[in-house]
Amino acid sequence: MLWARRKRTNIKRTAGALHSGMVMASLEPALYERGLAIDTFEGRAAMVTAHASLLIPRLNAMEARDGDRLAEAVNALILDGFDASFREKGVGDSSIARKMRKLAEVHYGLGKSLAEAYAVEDNARADAVAACVRRNAICMPDKEIELADYLLVRRQWLADQPDEAFLSGALFWKSLV
């Protein structure tokens with residue numbers, strides 16, 4: 001029992017570190033300055049989701065069983081972060097559930113759309129991601145191709161990282177912009 005509790009604590013700690021790095025990458029000022037992200041509450045949430053659409057599948061693809069647990073924990077932290085952001089904005093308790101439900105639907109919908117775009121054949125993948133970005137209006141107009149390129153480079157960067165970097169929580173999200 002103690003071992004299981006310790007393992008859960010390690011998963012939470014590691015997921016917290018991975019989540020923190022992912023959020024910092026999502027909120028990198030250069031993304032917003034260059035128009036690759038829209039500097040609104042919804043735009044920042046979309047960038048968190050876009051980065052989660054890269055990190056979570058990478059965690060799920062790990063051979064270690066802890067990858068799935070980490071993915072679940074990171075996703076829970078994302079939703080908790082959205083909830084906390086609403087509360088910081090002063091959204092009343094009576095409307096938080098409705099707003100969170102809507103934001104969670106957007107989060108899962110955008111994540112699913114991006115996952116489908118990433119699954120397209122190599123020669124058409126960039127166009128599929130750009131089309132997804134355009135449909136979901138997550139960047140400034142005429143920046144869709146640049147954002148798609150950024151996401152695909154970031155996706156490859158994550159794929160190249162060893163599983164140990166994720167399992168230890170020591171993944172450093174270097175700037176790509």
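Student: Where does serine 26 lie?

Tutor: Serine 26 lies in helix α1, which spans residues 2–26. Keep in mind that this is a predicted model.

Student: Why does serine 26 count as buried?

Tutor: Its relative accessibility is 0%. Buried means under 20%. The value for serine 26 falls below that cut-off, so the residue counts as buried.

Student: What makes the pairing of serine 26 with histidine 51 a polar contact?

Tutor: Their side chains come to 3.3 Å. The limit for such a pair of N or O atoms is 3.5 Å, with one able to donate a hydrogen and the other to accept it. The distance of 3.3 Å is within that limit, so the pair is listed as a polar contact.

Student: Which residues is serine 26 in contact with, leaving aside neighbours within four places in sequence?

Tutor: Leu31, Tyr32, Met47, Val48 and His51. Each has heavy atoms within 4.5 Å of serine 26, so each counts as a contact.

Student: Where is alanine 25 found, and why is it called buried or exposed?

Tutor: Alanine 25 is found in helix α1. Its relative accessible area is 4%. That is under 20%, so alanine 25 is buried.

Student: What separates the C-alpha atoms of alanine 25 and tryptophan 173?

Tutor: A distance of 6.3 Å, although the two residues are 148 apart along the chain. They also touch: beyond four places in sequence, alanine 25 meets Leu31, His51, Tyr150, Arg154 and Trp173.

Student: Which residues of α3 and α4 meet?

Tutor: On the α3 side, they include Phe41, Ala45, Val48, Ala52, Leu55, Ile56 and Leu59. On the α4 side, they include Leu70, Ala71, Val74, Asn75, Ile78, Phe82 and Phe86. The residues of this contact divide into 13 nonpolar, five polar and one charged.

Student: What makes asparagine 75 buried?

Tutor: Asparagine 75 has its place in helix α4. Its relative accessibility is 14%. The cut-off is 20%, and 14% is under it, so asparagine 75 counts as buried. Outside four places in sequence, asparagine 75 is in contact with Ile56, His107 and Tyr108.

Student: Which residues touch the most other members of the largest nonpolar core?

Tutor: Leu59, Val129, Leu147 and Leu151, out of 56 residues. The elements giving two or more residues to this core are α1, α2, α3, α4, α5, α6, α7 and α8. Helix α3 gives the most, with 11 residues.

Student: What does leucine 151 touch?

Tutor: Not counting residues up to four places away in sequence, leucine 151 touches Ala50, Leu54, Leu114, Tyr118, Val129 and Val133.

Student: Why does arginine 87 count as partly exposed?

Tutor: Arginine 87, in helix α4, has a relative accessibility of 44%. Buried needs under 20% and exposed needs over 50%. The value of 44% lies in between, so arginine 87 counts as partly exposed.

Student: What makes glutamate 146 partly exposed?

Tutor: Glutamate 146 has its place in helix α7. Its value is 26%. That lies between 20% and 50%, so glutamate 146 counts as partly exposed. Leaving aside neighbours within four places in sequence, glutamate 146 is in contact with Arg34 and Leu36. Its C-alpha atom is separated by 27 Å from that of proline 162, 16 residues apart along the chain.

Definitions and conventions
Residues are numbered from 1 along each chain as its sequence is written. This is a predicted model: local features need pLDDT of at least 70, side-chain atom pairs count only at pLDDT 80 or more; totals for chains, interfaces and linings use all residues. Side-chain values use heavy atoms; hydrogens and water are left out. Helices (H or I, at least four residues) and strands (E, at least two) are DSSP runs, numbered from the N terminus. Ala, Val, Leu, Ile, Met, Phe, Trp, Tyr, Cys and Pro count as nonpolar, Asp, Glu, Lys and Arg as charged, and the others, Gly among them, as polar. Buried means under 20% relative accessible area, exposed over 50%, partly exposed in between (1.4 Å probe, protein chains only). A nonpolar core is a set of buried Ala, Val, Leu, Ile, Met, Phe, Trp, Tyr and Cys residues joined through side-chain atoms within 4.5 Å.
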